[in-house]
Amino acid sequence: MKGLMILANGFEDVEAIATIDVLKRAHVNLTLTNLHKSNEVVSSSNNRLVVETNLKEVDYASFDFLVLPGGKAVFNELEKSKLVEEIVKHFCDNKKLVCAICAAPLLIGKHGYFKDLEYACFPGCNESILEGKLSEKPVVVTENFITARSMYYTCDFALSIVSVVKGNERAIEIAKQIKGL
């Protein structure tokens, strides 16, 4: 399985970079892409990250799962992008795995894709989510969605992705590695 992570200026550092790290440790095929033409994207803390490609150049239909980190980028760029909306709808309509943390679940929920499902997101970001049930759990795995509340739960979020993509045994192995066990 291969995944696509969409980044834009203002992404939350830990949510993106820790997720990338955990997925790469598990040998998950992940392509990093930027909403803009530059191969560089700047985090909310002004850290620069080099990505492989521009989102407009990606055949997103060829990917098996989507990862959406949170941060200011969700409100300032991703939520305003028709291409991001098109990609989210493609993954949701085709029942492909969509993983979103912090503010990013609103990119899914504002279209009603959480109907009859639990989801997690940063407090207050649920106001634009049309349907579904906001969970008290920090990470929620339901049907084809993995959602998480905040940056604090990033490793649990990433390990949940590993569990779905590579199996629970692989997720346990990676959890032991990052815990130093």
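The crossing of helices α5 and α6 is right-handed. The model is predicted.

**Helices α5 and α6**

- Helix α5 covers residues 154–166, and its axis runs 7 Å from that of α6, at an angle of about 145°.
- On the α5 side, the contact is made by Cys155, Leu159, Val162, Ser163 and Lys166.
- On the α6 side, the contributors are Asn168, Arg170, Ala171, Ile174, Ala175 and Ile178.
- By class, the residues of this contact divide into 7 nonpolar, 2 polar and 2 charged.
- Gln177 also belongs to α6, the helix of residues 168–179.
- Gln177 has a relative accessibility of 42%, so it counts as partly exposed, the class between the limits of 20% and 50%.
- Apart from residues up to four places away in sequence, Gln177 touches Arg25 and Arg170; Arg170 is also one of the α6 residues in the contact with α5.

**Aromatic pairs**

- Two rings count as a pair if their centres lie within 6.5 Å, and by this rule the count comes to 3 aromatic pairs.
- Phe114 and Tyr119 are a stacked pair because their ring planes are at 10°, with the centres 4.8 Å apart; the cut-off for stacking is under 30 degrees.
- Phe114 also pairs with Phe145, in this case edge-to-face, with 5.2 Å centre to centre and 75° between the planes.
- The pair of Phe114 and Phe145 links distant parts of the chain, as the two residues are 31 residues apart.
- Phe114 lies in the loop between α4 (105–109) and β8 (118–119), whereas Phe145 is in strand β11 (residues 145–148).
- Phe114, Tyr119 and Phe145 form one aromatic cluster.
- Phe114 has a relative accessible area of 0% and is therefore buried.
- Tyr119, with a relative accessible area of 3%, is buried, and Phe145 is buried too.

**Charges over rings**

- Lys2 has its charged end over the ring of Phe63, at 4.7 Å from the ring centre.
- Lys96 has its charged end over the ring of Phe91, at 5.2 Å from the ring centre.
- Asn144 is in contact with both members of the second pair, Phe91 and Lys96.

**Loop between β10 and β11**

- Asn144 is found in the loop between β10 (139–142) and β11.
- The relative accessible area of Asn144 is 8%, so this residue is buried.
- With neighbours within four places in sequence left aside, the contacts of Asn144 are Phe91, Cys92, Lys95, Lys96, Leu97 and Val98.
- Glu143 is in this loop between β10 and β11 as well.
- Glu143 counts as exposed, at 62% relative accessibility.

**Positive phi**

- Most residues other than glycine have a negative phi.
- Phi of Glu143 is positive, near 45°.
- Phi of Asn46 is also positive, near 65°.
- Asn46 is in the loop between β3 (40–42) and β4 (48–50).
- At 61% relative accessibility, Asn46 is exposed.

- Leu35 lies in the loop between β2 (29–34) and β3.
- Leu35 is buried because its relative accessible area is 11%, and buried means under 20%.
- Beyond residues up to four places away in sequence, Leu35 touches Leu7, Ala8, Asn54, Leu55, Glu77, Leu78, Ser81 and Val84.
- Leu35 and Lys179 are 144 residues apart along the chain, and their C-alpha atoms are separated by 33 Å.
- Leu78 is placed in the loop between α2 (72–76) and α3 (82–93).
- Leu78 is buried, with a relative accessible area of 2%.
- Leaving aside neighbours within four places in sequence, Leu78 is in contact with Leu35, and also with Ile6, Ala8, Pro69, Ala73, Val84 and Leu107.
- Ala8 and Val84 are among the contacts of Leu35, and both are also among those of Leu78.
- Leu78 and Leu68 are 9.4 Å apart in space, C-alpha to C-alpha, and 10 residues apart in sequence.

Key. Residues are numbered from 1 along each chain as its sequence is written. This is a predicted model: local features need pLDDT of at least 70, side-chain atom pairs count only at pLDDT 80 or more; totals for chains, interfaces and linings use all residues. Side-chain values use heavy atoms; hydrogens and water are left out. Rings of Phe, Tyr and Trp (its six-membered ring) pair if their centres lie within 6.5 Å; planes under 30 degrees apart count as stacked, over 60 as edge-to-face and the rest as tilted. Buried means under 20% relative accessible area, exposed over 50%, partly exposed in between (1.4 Å probe, protein chains only). Helices (H or I, at least four residues) and strands (E, at least two) are DSSP runs, numbered from the N terminus. A charge sits over a ring if NZ of Lys or CZ of Arg is within 6 Å of the ring centre and within 35 degrees of the ring normal. Contact means heavy atoms within 4.5 Å. Axes are lines fitted to C-alpha atoms, for helices over the stretch in contact, and angles run from 0 to 180 degrees between N-to-C directions. A crossing is left-handed if the near helix is turned anticlockwise from the far one by less than a right angle, and right-handed if clockwise. Ala, Val, Leu, Ile, Met, Phe, Trp, Tyr, Cys and Pro count as nonpolar, Asp, Glu, Lys and Arg as charged, and the others, Gly among them, as polar.
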